[in-house]
Amino acid sequence: MPKCQFVKPDDARKSGQIEFKPIPVNQYNKSVKDESKRYGKDDLVRMQRDMTIIRTFENMLNEIKLRGAFMGIEYMHNGPAHLSIGQEAAAVGQAYHLGIDDHIYGSHRSHGEILAKSLSAIEKLDDKTLMQIMENYFGGQVLKIVEKDSNGSVKDLATDFLIYGTLAEIFGREPGWNKGMGGSMHAFFPPFGVYPNNAIVGGSGDISVGAALYKKVNQKPGIVIGNIGDASSSCGPVWEGLCFATMDQFKTLWDESHRGGLPLIINFYNNFYGMGGQPEGETMGFGMLARLGAGINPEQMHAERIDGYNPLAVADAIARKKEILENGDGPVLMDTITYRYSGHSPSDQSSYREKSEIEAWQQHDPTVHFGKELVKAKICDNTKLEAILKNAEQLMVKALVKAADTTISPRADLWKENNLLEQTMYSNQKVESMEPGRKPDVLIPTIEENPRTKALASRNRSAYDENGKRLKDTRCIGIRDALFEAIIDQFYTDPTLIAYGEENRDWGGPFAVYRGLTEALPYHRLFNSPIAEAAIAGTAVGYALEGGRVLIELMYCDFLGRAGDEVFNQMCKWQSMSGGLLKMPLVMRVSVGSKYGAQHSQDWTALCAHIPGLKVAFPATPYDAKGLMQTALTGTDPVIFFESQRLYGMAEEFVEGGVPKEAYEVPFGEPAIRKEGSDLTILTIGATLYRALDAAKELEDKYGLSCEIIDARSMVPFNYDKVIESVKKTRKILLASDACERGSFLHTMASTINTLAFNELDAPPVVLGARNWITPPDEIEATFFPYPADFLDTIHEHILPLKGYAAKRKCDGSELIRRNQCGL
């Protein structure tokens, strides 16, 4: 979209060909002896030790899952355990050159990566720092348990701390890394650079891109590695993440101080199986996974296949790839081959592969082969290897005894009021700046100098002039203007805040909310993304997990489906799955359309309100739009912020004085009474408010019925006090929105109202929504969305007969039965 990029027809139509460079495959060929000077004897032995610890840890879990005991200690673990037996060298080699500022994100099979990265961190950190980490992590809860019987150095204590904390998390115990709420597939430990692992295949494929984006935008040290399986190479979010990660603008359009590729390695742990399917030769067509890099960018993502059965080959590759990233030429794709001996999980009998195949790989076992190479190179002897194994077994026994004992390692009490999950579903904090003290990067020194701010200065802040005359909306501050004011205010407050999505820069956003931001913000704070909704949402999750604040836009509510996992499985869950350790300061703007038919005019508030962990807002006035956005952008929770395309130009009709110039907040969960009344309560969500007001006027003028109109403003959270007080007065309630009636969130609200105020009601709560159809063309939309006539029809048939009224459209009990019988 930038005008500086002129698309020349002569160049576009010129004949030629695309050329590809050879992709290296298993090129590393040095021996342990060759590398002894590079790494030194101690570190080479440590690699063997770390692989042995991982193997013993996974063997322990395998024995527990299959036989309910390990080395005489009985324990039944009912949860998942996706083991990486056979994959140890790939994890240890990767971790060797990584520091705590280098962050790894992983998959459901990440125990080995957690241990390898953490053992590497323990080796690199000094004793004082290690003690501070252990003492400060959740108030030293894990440390207090392991220090009682830990012997040796601080690093030995830290190793006990690591093994126990990981195992306790897998067993779902409260002293675990994430209070037991992450478990086997989600465990992580940020102080050592181990960030969330993901149970969704390829889940880290776009989240890790967002983490690298955070480091790039905020110029933080270190790189990010997204560790995902080979089968995830077919997942849409992974491809979208690759496209996002390789956007040309990073190297061409961003300012000099931020220019360059993302500090990111997408590492495919290629064990040749996706559960039982084989990507190479069966479910994919690439032949060799590293080939994928050739199709992404001219640098071919510096793709390479690495022998993951040799820790030195992997360590060498990481060192070379880190140099590429440090030179600003990332991202990088690695195809790290490895193999798992066990099934997808212990219950998997590996019926899809021959036993001889497993045995063939076991002949190359990295823990055995590397140990032999150490002995051959006279780095150590067999006695040392035996001692390493014995020590690893003792570590496991020590940790297992504690983790299996509920008196030492209790589970979180979720029966009590204000329990762990009630405390961590939302963080509910107000943080104006995620990095206080740092000056935000802007192109215009002050908000007052912004051209749009200047233009808005001539607009009326209210829909009414000083004489109470209703002004034209074009002369007033509308919802799009109010949103702009809240957003630009935060851009000048929080240096970590970035915004992106489709058509955000230059165009000013599809509905002109961002008009004026392009002039004010450098490229790295406001930019256009690919048309890749999953990546837009997934990268935002990664950005927020790293500690930044992000504002994304999906343009139309209907596009939420393209980002389903990222919205419904990722952004909503990491606060609670972390045990309250992480925050999710993320706001996703979506608009509810009209005029654009079946795939661009749907209200999907119910989908979002249904998902625990999301906050959901839907302002219908400029005052609320600005105030709720301000609240969202200073909060620490994920917010789905619905906006109605019908209302972007609507002026403020309800708040005296209109929309204040200064920043202010409207709290989530507090509905607003828009019109007082005594005979009937109408609760609305979104743009339906104005049609409810029209209906109320007709009801009052023609039938003497006084309606109290309440605007929900937000759905999650929601305080029912005002609604219940109104119902006690009117004894009747109609709930209305533009969402299709079936499955509407209004039914949840109606059920709650019925439960809370049953004895106060003269009639059951009634829901009025859009018809259960596709959205028809604009010319006949009135047949679909609730209009004043539909309000009167519904009230007449189901709440209070209106004298002399004849329903415009049949909606009595028999009609409702017919519609449901037809699925309508």
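These legends accompany close-up views of a predicted model.

**View 1. Helix H18 packs against helix H24.** H18 spans residues 479–491, and H24 spans residues 622–633. Their axes lie 8 Å apart and meet at an angle of about 25 degrees. That angle makes H18 roughly parallel to H24, because angles under 35 degrees count as such. The crossing of H18 past H24 is right-handed.

**View 2. Residues in the contact of H18 with H24.** H18 contributes Ile479, Ala482, Leu483, Glu485, Ala486, Ile487, Asp489 and Gln490. From H24 come Pro622, Ala625, Lys626, Met629, Gln630 and Leu633. By class, the contact holds nine nonpolar, two polar and three charged residues.

**View 3. An open sheet of seven strands.** The strand order is S10-S9-S11-S12-S14-S13-S18. Pairing is mixed. Strand S10 (526–528) and strand S18 (714–716) stand at the edges. Each has a single partner strand, so one side of each lacks a neighbour in the sheet. On average, neighbouring strands are turned by 20 degrees against each other, direction ignored.

**View 4. Strands S11 and S12, with helix H20 on the sheet.** S11 covers residues 550–556, and S12 covers residues 586–592. The two strands pair in the parallel sense over five bridges. Glutamate 553 has arginine 589 of S12 as its bridge partner. Helix H20 (residues 533–545) packs on this seven-stranded sheet. H20 touches strand S9 (498–501), S11 and S12. The direction of H20 makes about 165 degrees with that of S11.

**View 5. An open sheet of five strands.** Here the order runs S15-S17-S16-S19-S20, again with mixed pairing. The edge strands are S15 (672–675) and S20 (766–770). Each of these pairs on one side only. Neighbouring strands are turned by 25 degrees against each other on average, direction ignored.

**View 6. Strands S15 and S17 in the five-stranded sheet.** S17 comprises residues 707–711. S15 and S17 pair in the antiparallel sense, over three bridges. Isoleucine 673 stands opposite isoleucine 710 in S17.

**View 7. Helix H27 on the five-stranded sheet.** H27 spans residues 745–757 and packs on the sheet. The helix touches strand S16 (680–684), strand S19 (733–740) and S20. Its direction makes about 160 degrees with that of S19.

Terms used
Residues numbered from 1 in each chain as written. Predicted model: local features only at pLDDT ≥ 70, side-chain atom pairs only at ≥ 80, totals over all residues. Heavy atoms only, no water. Axes fitted to C-alpha atoms, helices over the stretch in contact; angles between N-to-C directions. Helix = DSSP H or I, 4+ residues; strand = E, 2+ residues; numbered from the N terminus. Parallel < 35°, antiparallel > 145°, perpendicular 65-115°, else oblique. Left-handed = near helix turned anticlockwise from the far one by under 90°. Contact = heavy atoms within 4.5 Å. Nonpolar A, V, L, I, M, F, W, Y, C, P; charged D, E, K, R; others polar. Pairing = 2+ DSSP bridges.
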